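Let's take a walk through this structure together. Keep the sequence and the 3D view side by side as you read.

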Amino acid sequence: MRALVTGGTGFIGGAIAARLLASGWKVTLLLRPGAALPAQLAQAECIFSDLGQFNAADWRGRLPECELAVHAAAIRNRWGTSPEAYRRVNVDGTQQFLNALIGYAQHFIYISSVGVYGYPGMLDIREESPVIGVRGALDYHASKLLAEQVVAQQAERMCVTILRPTITYGPGDRDGMITRMAQLIRARRMPLIGTGKNFLHLAYIDDLLDAILAAHAHRQNSGEVYNVSGPEPIRFLELARGIAAASGTIFPRFQIPRPAAWLAGWLVENLYRAAHLKTTPPITRQMVNMVSANRSFSHEKASARLGYAPQTGVNAGLPRALEWMESAGLLDK
């Protein structure tokens, strides 16, 4: 069995490739030119191409025939990324990569995001729930939604599956939300925004990998979309206090009402844009939403159709993630 994986130098893509290798698959990685191959993926074969300049016509027949292609590469949600860059890599790059694989890959899995639902302030969000509108300058979540549409359009030409994971964390995550939270809490620089009673929903990396393999094993229906979430949501305050307790500190040190934080984010964003600053602002409206919006996601469809059964709740997964962060030197003493 052969798989082709993009995003192998990243957290999720690297974990996918490692799981497949450990399961006996032959793995080919599509990497950016000059990218270093992670040590744990030394058995993988590599081909090099910039997804933002990927041209299907140049690669038709040059990509390996494979049973499974997992597309996890993307420009992530980072301040200062231009709408053009999001479109070039996340949308157009996905289109070109998928076109090159038609007739060569039996099954294409696209790793999207629950961010396509926006922040509706509701629990138990399902696949049929409304998604964000795509208008104006393209941002990260809009680019993921457009990429989903690109993938879905090919559902009659090849078997495609779209997975929408929640915030994914675990060993190997160097700059995701939970890692950044742990760093800020350890440094006593993270405020409580709002009451902290809002729910957020995480997925441990091993559960996401299980969902990917389950989706491949149950790939009879092309074009299906599945949420991938952990066993249960958790209140933000409970999560933050759990991180603080493991770090030997206290949370919160100070609190900001949500409307005030939202206004501060808007002001700081505009100041940074006016000054053409490239560094990440200390607060943005996106940051405020991530930690204070009330959201959870149903994985009932994935459970019913794929047999997906997430095994690792936050109480089990968070200590493993924090232990790995410590060993990797990501947390200040």
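Just after α5, Arg188 takes a positive phi of about 60°. Helices such as this one are DSSP runs of H or I with at least four residues, strands are runs of E with at least two, and both are numbered from the N terminus. The model is a predicted one, in which local features need pLDDT of at least 70 and side-chain atom pairs count only at pLDDT 80 or more, while totals for chains, interfaces and linings use all residues. Residues are numbered from 1 along each chain as its sequence is written, and side-chain values use heavy atoms, with hydrogens and water left out.

Let's stay with Arg188 for a moment. You will find Arg188 in the loop between α5 and β8 (192-193). Buried means under 20% relative accessible area, exposed means over 50%, and partly exposed lies in between (1.4 Å probe, protein chains only). Arg188 has 44% relative accessibility, so it counts as partly exposed.

Now step back into α5 itself, residues 177-186. This helix is mostly covered, with seven of its 10 residues buried. Those buried residues are Met177, Ile178, Thr179, Met181, Ala182, Ile185 and Arg186. What do the buried residues of α5 pack against? Their partners are the strands β7 (167-169), β9 and β10 (202-204), together with the helices α7 (236-247), α9 and α11 (314-327). Contact here means heavy atoms within 4.5 Å.

Val314, Gly317, Leu318, Ala321, Leu322 and Met325 are the buried residues of α11. Seen down the helix axis, the buried residues of α11 fall within an arc of 130°, so they line one face of the helix; the arc is taken from the directions from the axis to the C-beta atoms. An α-helix has 3.6 residues a turn, so residues three or four places apart point the same way. On the other side of α11, Asn315, Glu323 and Ser327 are exposed. The cover over the buried residues of α11 includes β7, α5, β10, β12 (234-235) and α7. Just after α11, Gly329 takes a positive phi of about 70°.

Two loops are worth a stop as well. Most residues other than glycine have a negative phi, and most peptide bonds are trans. Asp124, in the loop between β5 (107-111) and α4 (140-152), has a positive phi near 60°. A cis peptide bond, with omega about 0°, joins Phe251 and Pro252, and Pro252 is found in the loop between α7 and β13 (255-256).

A cavity is a set of points, on a 1 Å grid over the protein atoms alone, where a 1.4 Å probe fits but cannot get out, and its lining residues have an atom within 4 Å of a point. The largest cavity has a volume of about 70 Å³, volume being the space filled by probe spheres set on the points, which are joined across faces, edges and corners. Its lining includes Val114, Tyr119, His201 and Arg295. The second largest cavity, of about 30 Å³, is lined by Ile16, Arg19, Leu20, Leu209, Ile212 and Leu213.

Terms used:
On a 1 Å grid over the protein atoms alone, a cavity is a set of points where a 1.4 Å probe fits but cannot get out, and a pocket is an open set with protein on both sides within 12 Å along at least five of seven lines; lining residues have an atom within 4 Å of a point.
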